[in-house]
Amino acid sequence: MALPTSSSSTLTSCSPSPSTRLPFSTPLPRFALSAIRSSGRLVSAAAAAPSPFTEAHSAARYQRDGWVYAASTLSAPGHSFDDRANEIALQLPELRKLLGALRKSGGGSEGPGSVSLVGTGPGDPELLTLKAVRAIEKADLILYDRLVSNDVLSLVRGDARLLYVGKTAGYHSRTQEEIHELLLSFAEAGANVVRLKGGDPLVFGRGGEEMDFLQKQGIHVKVIPGITSASGIAAELGIPLTHRGIANSVRFLTGHSRNGGTDPLYVAENAVDPESTLVVYMGLSTLPALAHKLIYHGLPTDTPSVAVERGTTPQQRTVFAMLNNLPDEVKLAELVSPTLIIIGNVVALSPLWPQSSKGSVTFGREYAERRQVSSL
């Protein structure tokens with residue numbers, strides 16, 4: 001169903017300009033490595049390039065979502081969208097117009113629409129599933145997060161509408177409750193709504209909360225999984241999350257507490273297992289506390305570890321280091337969010353892992369197996 005056009009003269013197309021819409025088939029350049037090997041660490045840095053993600057204050061994002069803003073306000077000199085309350089106030093009139101037009105055109109005869117929670121993977125658009133691509137192409141309205149790449153958004157139909165609902169530290173464009181209400185309102189009005197999330201919607205993506213809320217309201221919800229960052233980034237680096245004789249399990253942790261606390265890692269005591277791989281999402285700010293807790297509870301200080309910024313994108317940067325050195329090395333490299341952290345002996349299986357020993361460098365299986373034997 002194509003969305004009706006509001007009568008307001010201030011509405012503009014939500015589609016990116018030709019200069020910002022990239023064809024899905026455009027090959028992504030792989031990240032350029034600038035390796036620095038010392039003290040058992042390796043840092044890889046991407047060549048300077050714009051972020052592939054829809055960052056909190058991206059000009060491209062506001063251009064895409066221009067249909068919900070007054071044109072005169074968008075072009076006002078010196079106007080800032082840093083104030084979340086002002087941003088939402090600007091959008092509400094156009095959202096109400098769109099909802100009204102949808103309800104009027106449907107007349108209630110078509111019944112409610114549906115909501116698809118779609119995972120877009122860790123960043124590389126070529127990691128999208130075919131089912132996700134089809135859902136994106138059929139959507140009437142797309143609510144998208146910060147970590148949905150611009151290349152993925154280029155797949156959206158020209159007559160569809162996009163609405164940014166992303167979150168970053170210190171800036172939530174909308175609360176989770178507001179997102180629930182937006183999804184419900186547009187679905188009730190008959191729209192085919194797609195909720196785009198980075199990674200997988202049910203792995204630290206709050207997709208379960210949205211699904212539960214909508215189902216209780218009688219809305220049909222479909223979940224289309226995405227490649228979670230742990231799998232996509234580990235594959236990019238050649239790290240098997242499990243490996244016979246080295247790691248027999250993998251555990252996903254979040255570095256954020258429910259209420260935004262600075263030390264949510266109370267699970268660290270139970271997460272210490274030399275034969276397990278730990279993957280930490282959203283753990284950049286709490287990495288020092290996590291490393292300290294893991295070592296305190298018995299994980300060896302020289303456990304191989306890696307932090308990966310913007311994994312699977314051309315801007316990917318990685319820091320390999322022993323666990324006790326990782327927080328300092330990450331700080332030195334000035335990694336920013338989104339950063340994924342992988343801790344465990346399997347990290348040494350990566351062809352990028354360096355381990356200095358008497359002037360030589362030992363890679364991969366030999367080092368990991370040697371560590372495993374020494375821990376027995």
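Buried means under 20% relative accessible area, exposed means over 50%, and partly exposed lies in between. The model in these exercises is predicted.

**Exercise 1. Val223**

Task: Is Val223 buried, partly exposed or exposed, and where does it lie?

Solution: 
- Step 1. Val223 belongs to strand 9, residues 220-224.
- Step 2. Take its relative accessible area. For Val223 the value is 26%.
- Step 3. Apply the cut-offs. Buried needs under 20% and exposed needs over 50%. Val223 is therefore partly exposed.
- Step 4. Look at a partner along the chain. Val223 and Met211 are 12 residues apart, and their C-alpha atoms are separated by 8.4 Å.

**Exercise 2. Charge on the surface**

Task: Find which residues gather in a patch of positive charge on the surface, and which helix gives the most to the positive patch.

Solution: 
- Step 1. List the members. They are Lys131, Arg134, Lys138 and Lys222.
- Step 2. Assign the main contributor. Helix 4, residues 130-138, gives the most, with 3 residues.
- Step 3. Check one member. Lys131 sits in helix 4. Its relative accessibility is 51%, so Lys131 counts as exposed.

**Exercise 3. A nonpolar patch**

Task: Name the residues that form a nonpolar patch on the surface, then classify Phe252.

Solution: 
- Step 1. The patch consists of Phe204, Val250, Phe252 and Met282.
- Step 2. Together these residues have about 300 Å² of accessible area.
- Step 3. Phe252 is part of strand 10, residues 249-254.
- Step 4. The relative accessible area of Phe252 is 30%, so Phe252 is partly exposed.

**Exercise 4. The largest nonpolar core**

Task: How many residues does the largest nonpolar core have, and which element gives the most to this core?

Solution: 
- Step 1. The largest nonpolar core has 22 residues.
- Step 2. Those with the most contacts inside the core are Leu237, Ile239, Val279, Val306, Phe320, Ile342 and Val347.
- Step 3. Elements giving two or more residues are helix 8 (229-237), strand 11 (276-281), strand 12 (304-309), strand 13 (317-322) and strand 14 (339-343).
- Step 4. Helix 8 gives the most, with 4 residues.

**Exercise 5. Salt bridges**

Task: State the count of salt bridges, then work through the pairs Asp140 with Arg157, Lys197 with Glu210, and Glu309 with Arg317.

Solution: 
- Step 1. The count is 9 salt bridges.
- Step 2. Take Asp140 and Arg157. Their closest N and O atoms are 3.5 Å apart. This pair links distant parts of the chain, 17 residues apart. Asp140 is in the loop between helix 4 and strand 4 (141-144). Arg157 is in the loop between helix 5 (150-153) and strand 5 (161-164).
- Step 3. Compare the two ends with the cut-offs. Asp140 has a relative accessible area of 0% and is buried. Arg157 stands at 23% and counts as partly exposed.
- Step 4. Take Lys197 and Glu210. Their side chains meet at 3.1 Å, N to O. Lys197 lies in strand 8 (residues 192-197) and Glu210 in helix 7 (residues 207-216), so the bridge ties together parts 13 residues apart in sequence. Lys197 is buried at 2% relative accessibility. Glu210 is buried too, at 0%.
- Step 5. Take Glu309 and Arg317. The N to O distance is 2.8 Å. Glu309 is buried, with a relative accessible area of 5%. Arg317 has 19% relative accessibility and therefore counts as buried.

**Exercise 6. Backbone details**

Task: Describe the peptide bond from Ser337 to Pro338, and the phi of Arg310 and Thr312.

Solution: 
- Step 1. The bond from Ser337 to Pro338 is cis, with omega near 5 degrees. Pro338 lies in the loop between helix 11 (326-333) and strand 14.
- Step 2. Arg310 is not a glycine, yet its phi is positive, about 50 degrees. The loop between strand 12 and strand 13 holds Arg310.
- Step 3. Thr312 is not a glycine either, and its positive phi is about 70 degrees. Thr312 is placed in the loop between strand 12 and strand 13.
- Step 4. Classify both. Arg310 has a relative accessible area of 15%, so Arg310 is buried. Thr312 is at 1% relative accessibility and also counts as buried.

Note on methods. Residues numbered from 1 in each chain as written. Predicted model: local features only at pLDDT ≥ 70, side-chain atom pairs only at ≥ 80, totals over all residues. Heavy atoms only, no water. Patch = residues over 30% accessible without salt bridge, like charges linked within 9 Å, V, L, I, M, F, W, Y side chains within 5 Å. Areas by Shrake-Rupley, 256 points an atom, 1.4 Å probe, with all protein chains shown as cover. Salt bridge = Lys/Arg side-chain N within 4 Å of Asp/Glu carboxyl O. Lys, Arg positive; Asp, Glu negative; His and termini not counted. Charge placed at Lys NZ, Arg CZ, Asp CG, Glu CD. Buried < 20%, exposed > 50% of the residue type's maximum accessible area, 1.4 Å probe, protein only. Core = buried A, V, L, I, M, F, W, Y, C linked by side-chain atoms within 4.5 Å.
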